[in-house]
Amino acid sequence: MEREGVTAQSLIETSSAYWLSCTLQAAVKLRIFTALGEGAKTAEETAAAVGGSLRGTRLLLNALTAMGLLEREGEGYRNTAAARDFLCQDAPGYVGHIIMHHHHLLPSWAALAEAVRTGLPRRDEAFWEQEGVRESFVLGMYDLALRRGPAIARCLPLAGRRRLLDLGGGTGIYAVLFCREYPGLTAVVFDLPQNRTLAEGTVARFGMAGRVAFRGGDFLADDLGGPYDCAWLSQILHGEGPKNCRLLIRRAAEALAPGGLILVHEFLLADTADAPLHPALFSLNMLVGTREGRAYTEGEIREALGEAGFTDVRRLDYPSPQGAGIIAAVKGGGT
């Protein structure tokens, strides 16, 4: 029986889709694309370059060719243009860090059924201390923000705003990009103290030391500083349960001056909570990774903003990937 385009074959293909993911992740981990570079190499040469067996390397190269990531040139293998642009480590568009982050998530996703049974996560603090795990996550988030940030900055109503709070801002890349787009804007990146060096490195890299500062602390408990006239909450609410989600929005409101602008950037579910696909799947990623986190519906975010005293709640026109959206609102009491 077929329903809504779902067939037995499509279900089998969905079930085995991780073969594609694992093939790509293995190639990135082994630095296959970087080893090939601009030229062509035989399987023997590639195996020697990456420290792999000839049998395993040849099979991997053939699979990558079938995926359209490599091209054959006689006995040699060559990167396609896309592989050179996105999968070679020295390429400006390199996406390998986020691919490795996905690789590190695989064991917890494989235990999804147990997480569903118990309601408890399959990742803990020890997960983040494994070699390369935190680095690939942080760099992957940085790369994504650097790729998408300029388009986001252009759609934000930040003209005339003077002081921005980037709450849970991590590397500080969004604050930097927003200040670069709006010359009159300064920013404070608020995040855990251990991220200070990382954020200040980003600020220095972009020459923004006079306009973007770092403030360390726990965003659920510590003083956020202020007053600010705008606050950016990007992809932090989904890591928290509903109670802390509302708390973060209230705390941002308290740090804003009257008339201040809040901007919430999240994977947004429809109010039925069963679409779009990526936010629905992302909630499962939060199930296996956190005790209470999940994606939120647009209605839930709007309700929390209203409870915190925000008005003029609206979703911005931002053509976002993967179901992400930006909701803006204004703190009451302004002119």
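Trainee: Where is Arg31 found?
Mentor: Arg31 sits in the loop between helix 2 and helix 3 (32-36). Helices (H or I, at least four residues) and strands (E, at least two) are DSSP runs, numbered from the N terminus. The protein has 15 helices and eleven strands. This is a predicted model, in which local features need pLDDT of at least 70 and side-chain atom pairs pLDDT 80 or more, while totals for chains, interfaces and linings use all residues. Residues are numbered from 1 along each chain as its sequence is written, and side-chain values use heavy atoms, without hydrogens and water.

Trainee: What makes Arg31 worth a remark, given that it is not a glycine?
Mentor: Arg31 has a positive phi of about 60 degrees. Most residues other than glycine have a negative phi.

Trainee: Which omega goes with the cis peptide bond from Gly226 to Pro227?
Mentor: That bond has omega near 0 degrees, and Pro227 is in the loop between strand 6 (212-216) and strand 7 (228-234). The bond from Ala275 to Pro276 is also cis, with omega near -5 degrees. Pro276 lies in the loop between strand 8 (256-269) and helix 14.

Trainee: Why are helix 7 and helix 14 called roughly perpendicular?
Mentor: Helix 7 packs against helix 14 (residues 277-289) at about 80 degrees, with the axes 9 Å apart. The label covers 65 to 115 degrees, so helix 7 and helix 14 are roughly perpendicular to each other. Axes are lines fitted to C-alpha atoms over the stretch in contact, and angles run from 0 to 180 degrees between N-to-C directions.

Trainee: Which residues of helix 7 and helix 14 make the contact?
Mentor: Leu105, Ser108 and Trp109 of helix 7 meet Leu281, Leu284, Asn285 and Val288 of helix 14, contact being heavy atoms within 4.5 Å. By class, five of these residues are nonpolar, two are polar and none is charged. Nonpolar means Ala, Val, Leu, Ile, Met, Phe, Trp, Tyr, Cys and Pro; charged means Asp, Glu, Lys and Arg; the others, Gly among them, are polar.

Trainee: Why does the radius of gyration of the protein agree with that of a compact globule?
Mentor: For 335 residues, a compact globule would have a radius near 20 Å, and the protein has 22 Å, so the two agree. The radius is taken over C-alpha atoms, and the globule rule is 2.2 Å times the number of residues to the power 0.38.

Trainee: What box do the C-alpha atoms of the protein fill?
Mentor: Along the principal axes, the C-alpha atoms fill a box of roughly 70 × 55 × 35 Å.

Terms used. Parallel < 35°, antiparallel > 145°, perpendicular 65-115°, else oblique.
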